[in-house]
Amino acid sequence: MCAGVAADIESSLAATIDRLAARRLLIFSGKGGVGRTTVAAMLAVALTRRGRKVLLATTATDDRLAWLTGLDRLQPTVQRS
């Protein structure tokens with residue numbers, strides 16, 4: 001990929017994250033196995049890096065979300081990080 005295309009993609013991604021950051025509530029839904037948890041986790045990380053307060057919640061019983069966000073385990077209560 002040429003540098004100009006990569007810069008365009010990065011700029012477009014940053015603009016999309018900025019538009020999503022302006023929202024008060026985001027809900028990810030859809031069929032299983034399509035990447036909801038991955039997208040939600042990566043967006044949460046990106047928004048916290050921009051200084052936004054984020055509550056990331058899941059109903060899943062595994063620790064994929066913890067792993068994706070750099071935690072060892074999810075806790076049953078709200079945690080500050």
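Where does Leu-26 lie? In this predicted model, Leu-26 is found in the loop that runs between helix H1 (3-21) and helix H2 (36-49).

## The loop residue and its patch

So how open is that spot? Leu-26 comes out at 32% relative accessibility, so it counts as partly exposed.

Together with Phe-28 and Val-39, Leu-26 makes a nonpolar surface patch of about 230 Å².

## A cavity inside

How many cavities of 30 Å³ or more turn up? The count comes to 1, and the largest cavity holds about 30 Å³ of space.

As for what surrounds the largest cavity, the lining is made by Thr-37, Thr-58, Ala-60, Asp-62, Arg-64 and Leu-65.

## Out past helix H3

Now for Arg-80, which sits in the segment after helix H3 (64-68). Is Arg-80 buried or exposed? Its relative accessible area is 78%, so Arg-80 is exposed, given that the exposed class starts over 50%.

Arg-80 can also be placed relative to Leu-55. In sequence the two are 25 residues apart, while in space Arg-80 and Leu-55 are 9.3 Å apart, going C-alpha to C-alpha.

Conventions
Residues are numbered from 1 along each chain as its sequence is written. This is a predicted model: local features need pLDDT of at least 70, side-chain atom pairs count only at pLDDT 80 or more; totals for chains, interfaces and linings use all residues. Side-chain values use heavy atoms; hydrogens and water are left out. Patches are made of residues with over 30% relative accessible area and no salt bridge: like charges are joined within 9 Å, nonpolar side chains (Val, Leu, Ile, Met, Phe, Trp, Tyr) within 5 Å. Accessible areas come from the Shrake-Rupley method with a 1.4 Å probe; for residues, only the protein chains shown count as cover. A salt bridge is a side-chain nitrogen of Lys or Arg within 4 Å of a carboxyl oxygen of Asp or Glu. Helices (H or I, at least four residues) and strands (E, at least two) are DSSP runs, numbered from the N terminus. Buried means under 20% relative accessible area, exposed over 50%, partly exposed in between (1.4 Å probe, protein chains only). On a 1 Å grid over the protein atoms alone, a cavity is a set of points where a 1.4 Å probe fits but cannot get out, and a pocket is an open set with protein on both sides within 12 Å along at least five of seven lines; lining residues have an atom within 4 Å of a point. Grid points are joined across faces, edges and corners, and a volume is the space filled by probe spheres set on the points.
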